Amino acid sequence: MKDSKHLEVSIIGGGFSGLNSALILGKKAVKCEIYTTGYGASNLWMGTFDFLNYKYNNIKRSFQAFKDEHSNHPYSFFTYGEIKNALESFFREFPELTYFTNNEEFVNKEVLTSIGTSKPCLGVWNSLFYEFISLVEHSNVLLIGFKEFNNSALNLVKKGLEEKYDSNFYLLNLSFRELSIELEEKDPDSTLKSKLTEFKLGRFFDSNYENLKKFSDLIRRETKKQFQEGSKLEFDHCLFPPILGVDKNQEILDTLSLYLNSNCKELIALSPSLIANRLMNLYEEKLQKYNIKINKGKSLTSMETKKIKNQRFWNLHFEDRTGKEESILSRYVIFSNGSMFQAGMFETEREMKKKLGALMIDVPNKVDHTFQLTFNKRKEPTNLYVCGSALFNLWDQISDEIEIKHGTGLGLSIISSYRIGQVLLNR
């Protein structure tokens, strides 16, 4: 064990709660690393910051009413002041998200999904459309899709918008192959040899973000061709599926808005989305700045305690996808592994209960107010913490049914990781 890596904090799971925990600790120079299988629920994030959809649009009122009726929920551990601090800290860190307020209090607002419906949320990725107040009579909105991509959803968006608003809505169908030729791609058919996905389109636009004048010219030409009054049309908004780049998204939207003289935005995805990759990439860039390593493709297989100079450490054993093993020693452990795509000792509920039970830790567990797991027969602290979706697996007072119904989403990940971060920094 002389060669084992020693860490102050090990974070199991690379979703948003794990990334946020690492960022909070890393900014204060706490020695920590993330171990992750490399895939999970965060890849399903659609671009909205969901905190709570319950009774009121005003988050403070909604939060208090929810606490009164769900006293065992993790939110009951917080005051509204703590919630506000956690949310403000997150949004300061990521100005790429817009948050909604009224009289300096957080509120939910409606945003537009890629099937034409609206949904309430506290904040949204900056590229996504939520300016419903501008959809007035005589305004023009252009929905833009590709023939080779699934455009049936855009028809639903158009129909849904026409039922609610007095604007004029147009659906423009472009050819991705024609765009590739326009941008002088060497092999315009190479991308089309397999299914055209959001991720492929996103990377395509990233690689062509300096060449968007030709894309905007194609949009103008096709508008004249596909609509009778096309040559006279000017659009207040141009709305795209969430495909406009992963790393260069904002530059792409700003450039297209300039060329098209229109407010260019995207729609919220309702499927695994590259919008998630945008936020995860930002997290990873920040963690790299603080020299925090993300160990990908590593599953936690077992763990036990080990005493060194009268101090207890957790001896954690990992295995990568090739079967190679690694062991580390860590004073504290944060479980932030999601409730989906489990592996290692969390692969099945039975395996998880067996291995944690051997450590005298019951599952489900009576997690304390610091989100720390408790021993079943010992009063000493475990130094094992749980945040985000891992709470669904390990805590006896939470179910994903409530989370889905009331839309706690990203909010639960951010505030639980924020609480744990503050607790460990004070240690």
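## Ser-127 and its surroundings

Two residues are said to be in contact when they have heavy atoms within 4.5 Å of each other. In this predicted model, Ser-127 touches Asn-249, Leu-253, Lys-265, Glu-266 and Arg-278, if residues up to four places away in sequence are not counted. Ser-127 itself sits in the loop that runs between strand S9 (123-125) and strand S10 (140-146).

Is Ser-127 buried or exposed? Because its relative accessibility is 0%, and buried means under 20%, Ser-127 counts as buried. The side chain of Ser-127 is also joined to that of Glu-266 by a polar contact of 2.6 Å.

In soluble globular proteins, nonpolar side chains tend to be buried together. The largest nonpolar core here has 88 residues, and of these Phe-51 and Phe-335 touch the most other members. Helix H13 (residues 409-426) supplies the largest share of this core, with 8 residues. Apart from this core lies another one, made of 30 residues, among them Phe-149, Tyr-170, Leu-183 and Leu-256.

The contacts of Phe-51, again without residues up to four places away in sequence, include Ile-59, Phe-63, Tyr-75, Ile-83, Leu-87 and Leu-122, together with Gly-407, Thr-408, Gly-411 and Ile-415.

## A cavity

How many cavities of 30 Å³ or more does a search of the whole structure find? The search finds 1, and the volume of the largest cavity is about 30 Å³. Among the residues that line the largest cavity are Leu-112, Gly-116, Thr-117, Ser-118 and Phe-132, as well as Gly-160, Leu-161, Lys-164 and Tyr-165.

Helix H4 (residues 152-164) gives the most to this lining, with 3 residues. Sorted by class, the lining of the largest cavity holds 4 nonpolar, 4 polar and 1 charged residues.

Note on methods:
Residues numbered from 1 in each chain as written. Predicted model: local features only at pLDDT ≥ 70, side-chain atom pairs only at ≥ 80, totals over all residues. Heavy atoms only, no water. 1 Å grid on protein atoms, 1.4 Å probe; cavity = no way out; pocket = protein on both sides within 12 Å on 5 of 7 lines; lining within 4 Å. Points joined across faces, edges and corners; volume = space filled by probe spheres on them. Helix = DSSP H or I, 4+ residues; strand = E, 2+ residues; numbered from the N terminus. Nonpolar A, V, L, I, M, F, W, Y, C, P; charged D, E, K, R; others polar. Buried < 20%, exposed > 50% of the residue type's maximum accessible area, 1.4 Å probe, protein only. Polar contact = N/O pair within 3.5 Å; in protein donor to acceptor, adjacent residues only side chain to side chain. Core = buried A, V, L, I, M, F, W, Y, C linked by side-chain atoms within 4.5 Å.
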